[in-house]
Amino acid sequence: MKFSGKNVLITGASRSIGAEIARTLAGFGLKVWINYRSNPEIADKLKEEIEKSGGKAALIKFDVTDEEAFIEGIKAIIDSDGELSYLVNNAGITNDKLAMRMKTEEFMDVIDANLKSTFIGCREALKLMSKQRFGSVVNIASIIGERGNAGQTNYAASKGGMIAMSKSFAYEGAPRNVRFNCITPGFIQTDMTSVLKDEVKENYIKNIPLGRLGDAREIAQSVAFLLSDYSSYITGEVLKVNGGMYM
Ligand code: NAP
């Protein structure tokens with residue numbers, strides 16, 4: 001895989017899918033900025049692990065729902081490296097409940113964490129990358145943003161919004177050589193899905209043609225492709241990484 005850029009910011013990167021994206025992109029020679037919110041120990045451990053394998057990594061702490069902090073975080077990267085080549089909006093939450101029982105605040109919390117934060121990241125990246133006349137952004141949406149799910153009206157709205165929003169950013173970025181794409185993971189084995197009961201997982205697996213849950217590495221490899229020069233003519237796309245669960 002070939003990368004013309006030199007660095008990448010990954011939000012929510014201290015664990016699960018974000019951490020795997022950091023490992024993979026560092027393996028391709030990019031300096032990875034590991035954003036974390038709450039757990040400096042695991043973020044530090046990941047940084048050390050990447051450095052031990054010969055990669056370049058730095059930590060950047062902020063909550064993606066805090067606009068000012070997000071903007072300051074990106075500014076710190078520019079102050080350090082002089083550019084931001086790539087951005088992966090990965091941080092996300094769920095707060096599942098049937099719609100009839102869901103409070104408006106419970107709906108909005110998920111919208112803020114997943115959709116508003118991605119808007120802030122994409123907007124700030126577009127400003128910088130437009131000046132650079134180069135850049136690529138990948139937003140981690142979800143299969144649920146494509147097909148919906150009972151108990152996830154808030155999550156589905158946030159992820160569906162990310163897909164539509166990315167396409168709009170793709171139109172605005174294209175004249176300046178800035179690409180925006182989405183990945184829609186299916187059911188990936190991480191902390192987020194580990195809370196589900198075994199029978200729920202087994203039911204999901206019955207509907208996955210490849211017959212298994214996905215691995216975080218399989219998301220990370222797709223992110224690498226969409227950031228890299230290998231996808232230089234792809235923008236506004238939605239790459240399904242779901243084992244065939246939704247085609
Ligand atoms: P996860 O295991 O729950 O990890 C989420 C990460 O996001 C954590 O590092 C968390 O940080 C961070 N985060 C959450 N809110 C944040 C905030 N406000 N500011 C900064 N960081 C924040 O989730 P995952 O399974 O790796 O999922 C990663 C992304 O893939 C999410 O956007 C998710 O919606 C999407 N996705 C996952 C699946 C799946 O099956 N796992 C499927 C489809 C899509 P803390 O450690 O501080 O909590």
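N177 is found in the loop between α6 and β6 (178-185), where helices (H or I, at least four residues) and strands (E, at least two) are DSSP runs numbered from the N terminus. This residue is not a glycine, yet N177 has a positive phi of about 65°. R133, in the loop between α4 (104-132) and β5 (135-140), likewise is not a glycine and has a positive phi, of about 60°. Most residues other than glycine have a negative phi.

The model is predicted: local features need pLDDT of at least 70, side-chain atom pairs count only at pLDDT 80 or more, and totals for chains, interfaces and linings use all residues. Residues are numbered from 1 along each chain as its sequence is written, and side-chain values use heavy atoms, with hydrogens and water left out.

## Aromatic pairs

The structure holds 7 aromatic pairs, meaning rings of Phe, Tyr and Trp (its six-membered ring) whose centres lie within 6.5 Å. One of them, F3 with F28, is tilted, at 5.6 Å centre to centre and 45° between the planes; planes under 30 degrees apart count as stacked, over 60 as edge-to-face and the rest as tilted. F3 lies in the segment before β1 (7-10) and F28 in the loop between α1 and β2 (31-36), so the pair ties together parts that are 25 residues apart in sequence.

## The ligand shell

Around the ligand are 29 residues, of which S16, S38, N90, Y155 and T190 come nearest; a residue counts if one of its heavy atoms lies within 4 Å of the ligand. By class, this shell has 12 nonpolar, 12 polar and 5 charged residues. The helices α1 (16-27), α6 (153-173) and α7 (191-194) each supply at least two shell residues, and the largest share, 3 residues, comes from α7.

Polar contacts here are pairs of N or O atoms within 3.5 Å. A ligand nitrogen is 2.8 Å from an N or O atom in the side chain of D63. Backbone atoms also take part: a polar one of N90 is 2.7 Å from a ligand oxygen, and a backbone N or O atom of M192 lies 3.4 Å from an oxygen atom of the ligand. The protein covers 95% of the 890 Å² of accessible area that the ligand has on its own (Shrake-Rupley method, 1.4 Å probe).

Key:
A polar contact is a pair of N or O atoms within 3.5 Å; within protein, one must be able to donate a hydrogen and the other to accept it, and residues adjacent in sequence count only if both atoms are side-chain atoms. Ala, Val, Leu, Ile, Met, Phe, Trp, Tyr, Cys and Pro count as nonpolar, Asp, Glu, Lys and Arg as charged, and the others, Gly among them, as polar.
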